[in-house]
Amino acid sequence: MNERYDFSGIEAKWQKYWEVNKLFKTTEEAGRKKYYLLEMFPYPSGKLHMGHVRNYSIGDVASRYLRMNEYNVLHPMGWDSFGLPAENAAIKHNIHPNVWTWDNIAEMRSQLKGLGFSYDWDREVATCHPDYYKWMQWIFIQFFEKGLAYKKKNPVNWCSSCQTVLANEQVVDGTCERCSTPVGKKDLEQWYLKITDYADRLLADLDKLIGWPNKVKLMQKNWIGKSTGAEVDFMIEGSDKTMKIFTTRPDTLFGVTYMVLAPEHPFVKELTEGSEFEAPVNEFLDRLQYLSDIDRTATALEKDGTFIGRYAVNPLNGKKVPIYIANYVLMEYGTGAIMAVPAHDQRDFDFAVKYNLDIIPVVDSENPDIDVNNLKEAFEAEGIMINSGMFDGMDNVAAQEKIIAYLEEKKIGKEAVNFRLRDWLISRQRYWGTPIPMIYCEECGWVPEKIGNLPVLLPTDVVFSGKGESPLTTSKTFKETTCPKCGKKATRETDTMDTFLDSSWYFLRYTDAKNSREIWDKKNAEYWMPVDQYIGGVEHAILHLLYARFFTKFLYDIGYCPADEPFTNLLTQGMVLKDGTKMSKSKGNVVSPEEIINKYGADTARLFILFASPPDKELEWSDAGVEGSYRFLNRVHRLIFELAEKIKDAPSGYKPDSVDDKKMAYVMNASIKKVTADVGDRFNFNTAISSIMELVNEIYRYKETEDPNTGLLKAAVENLILILSPFTPHICEEMWEHIGNKGTVYHEKWPVYDETALIKDSIEIVIQLNGKVREKIEVANGLNKEQLEEVVMENEKVKSLLEGKEILKVISVPNKLFNVVIR
RNA sequence: GCGGUCGUGGCGGAAUAGGCAGACGCGCACGGUUGAGGGCCGUGUCCGCGAGGGUAUGGGUUCAAGUCCCUUCGACCGCACCA
């Protein structure tokens, strides 16, 4: 150790030591308490950004802390390495996606190592590696064989810029989540995963996830969007068709004054063909088609529709009501058709007002200010049934059940549940993804590739046009094959999988990353799963986390995963901001980790990023703050360098005698306690670090006192290095060695604090009058209520404050405060 | 529009179970060390001369409120015609 803090020398030295000694290698050890700590793996875009540094610094502190607490910690890292940027780079720079991706991985891996993160690199995975996507294909085939993967033709979201379809989840405000291009519709035959079969479980099991932020659970809940109600059949006059609708308000059935079909509903054409209404309906449909998805879903969009010339019959009261098509009814939700009750639904109300349709109230408000016969807006609250025949007078909530029972009895409807969640469209017309391992045979239909033939390798003889169709179709060797079932000529699926599939199970592969015989040894999954702590950005609250839960449940069902939820605890870290906004190239406010590491070292970068803000909140980047962290490490370094000689021959025990000794011992033990709680229980690294700073300040003070106890000084120095080591491991290794230790601080046990040192002889008591602080006094520790009252009342200042006042009440809180209520 | 989170010094933030508001750090000021600068060390730093006041706003509960309840204002996030 030099007198000067040579961070680059220190960091290179210890990173090499860790690597040579395989310090972070983890093996399954039966009987030892395990902890699976996982950070979201990155997309290898080129270089790390500050968000990565934050994510992985949080994880690394937790990992190192847990290891010092003798957990067997699985802390892996890998690459979410399929995806569009590689392909776009290929088109732009004429470099193969494979080359581009692996170059980036090499660069980012070395950056991660340069930050000193304690990963077990022997378990590294990359989703673009055939050893990985082989098992991705295997999982897909399991889905197919269980009937959960299917192909259907449907109008799908199409991004004209990315030239591919998008899942519903990837459409944000009507635009592509990646490039913000307005998303259009295209009728295509695509592969889907039947996530809707798991909707109920995905919803119900959210309750089990007590270690997840409520915000994330709520977002998932809303996304799944379960609503309960009824399906009701309405006869269409002069047709053999029945119009099936879904409603959450069966109690309002008597208030139906018109019906609406979604414009895309298949009935529309049939019911209008050849009639005088065909022309106006087609005109309306043309007008709608013209609108983009954004316009169509905009809030401000006015209700618009047209009568189609047909009538439906209300099965409860036989009433004839007109059928409309309207822009506010969606084909994708429910049955694509609704009953309209303008009196009790605001959308229907708006539409009825515009087209001068009847408004019939069937629920009366108990609030006298609301006249349901003269509504200014829909009355959507609860009330008493009216105009509803045999149901009149009932409470409308109770009436829902009764009406459903009646519908079921008459076989005109039934109780029904609807989800907002749709099946997951997983086909992508792109190259850089896992080939879908399916083969189409004229005789046998869609047949999965034989397991023994996996992986279906990505061909390399392809053309990257970036246009419309999967590049795989341009391969001369890929498409033509034979049917695995009947042996006849057949063709391969040329689409690839959405990369979100790859990331839906990587955490399981880490448990046995190099297994070439099977996806993983079930014993390993049994040992490590579930992930105890998952850490990543909140931007994955819906997509990735929902898909990962879905995969885990499926793999659980087929016996490959011991847990039916993947992540016990979830920490969603906040964004890294600069000047109040997200760092981005276009804003020119990016601070690169590389430049910070070169200037101050990895330890300073880690320390600052953990100190500046609690992990789950946003972090405002501050160059001055980085300087401060660097200054602190220098201060620690100087302290240890100075004291090393002094404590060399110090005794290993100590007995605090003087007031200074006791204070030193107190701060030392309080810091250990605080850091243990903040890191171990709360993930509040910022306050842990401030407590370590207080310890450093106290050691600085104590060493200058008259006769510092060298044994105590030694203990303080050792404990300081130990509790600081998860945050800034390199400098701590160096200091640990410098004060005469062999080996690595990483193998040391986390220090325990001495509770007795935290008991002070005397305590400062706050004295309040009517809740306002008026005086503070020192009293002996441990006085009970009565003793405390006695001491306080003897106090001269208190006596004078109370003079001439009437004491109404006293509140005595031992070791804390004393409040006198006076008049 | 609906749902949620959150408003604390000049700044990042602390106050973990209702009990001393502003820990720790940044910045700033002054002093020391130094040939100077930087670095380092020390002192001070919510407002007010003071009594006192103070956690966006106004109210409530309580002996006691940053913390619990309600009002208003503001910021941010998610969803957005889901029948």
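Q: Which residues around RNA strand B come nearest?
A: This is a predicted model, where local features need pLDDT of at least 70 and side-chain atom pairs pLDDT 80 or more, while totals for chains, interfaces and linings use all residues. Residues are numbered from 1 along each chain as its sequence is written, chains are lettered from A and ligands numbered from 1 in the order in which they are written, and side-chain values use heavy atoms, leaving out hydrogens and water. A residue is near a strand if one of its heavy atoms lies within 4 Å of it. Of the 53 residues around RNA strand B, the ones that come nearest are T248, K303, Y333, R347 and K674.

Q: Which helix gives the most to the surface near RNA strand B?
A: Helices here are DSSP runs (H or I, at least four residues), numbered from the N terminus. With 6 residues, the top contributor to this surface is helix 21 (residues 685-703).

Q: Is R64 buried or exposed?
A: R64 sits in helix 2 (residues 50-68), and its side chain makes a polar contact (N or O atoms within 3.5 Å, one able to donate a hydrogen and the other to accept it) with the side chain of D60, at 2.9 Å. Buried means under 20% relative accessible area, exposed over 50%, with a 1.4 Å probe and protein chains only. Because its relative accessibility is 3%, R64 counts as buried.

Q: How are helix 1 and helix 23 arranged relative to each other?
A: The axes (lines fitted to C-alpha atoms over the stretch in contact) of helix 1 (residues 7-20) and helix 23 (residues 729-738) come within 9 Å and cross at roughly 85 degrees. Angles of 65 to 115 degrees count as roughly perpendicular. Therefore helix 1 and helix 23 are roughly perpendicular.

Q: How many of the 10 residues of helix 23 are buried?
A: Helix 23 is mostly covered, and its buried residues pack against several helices, among them helix 1, helix 2 and helix 19 (623-647). P729, I731 and W736 are among those buried. The count of buried residues in helix 23 is 8.

How values were computed. Helix = DSSP H or I, 4+ residues; strand = E, 2+ residues; numbered from the N terminus. Axes fitted to C-alpha atoms, helices over the stretch in contact; angles between N-to-C directions. Parallel < 35°, antiparallel > 145°, perpendicular 65-115°, else oblique. Contact = heavy atoms within 4.5 Å.
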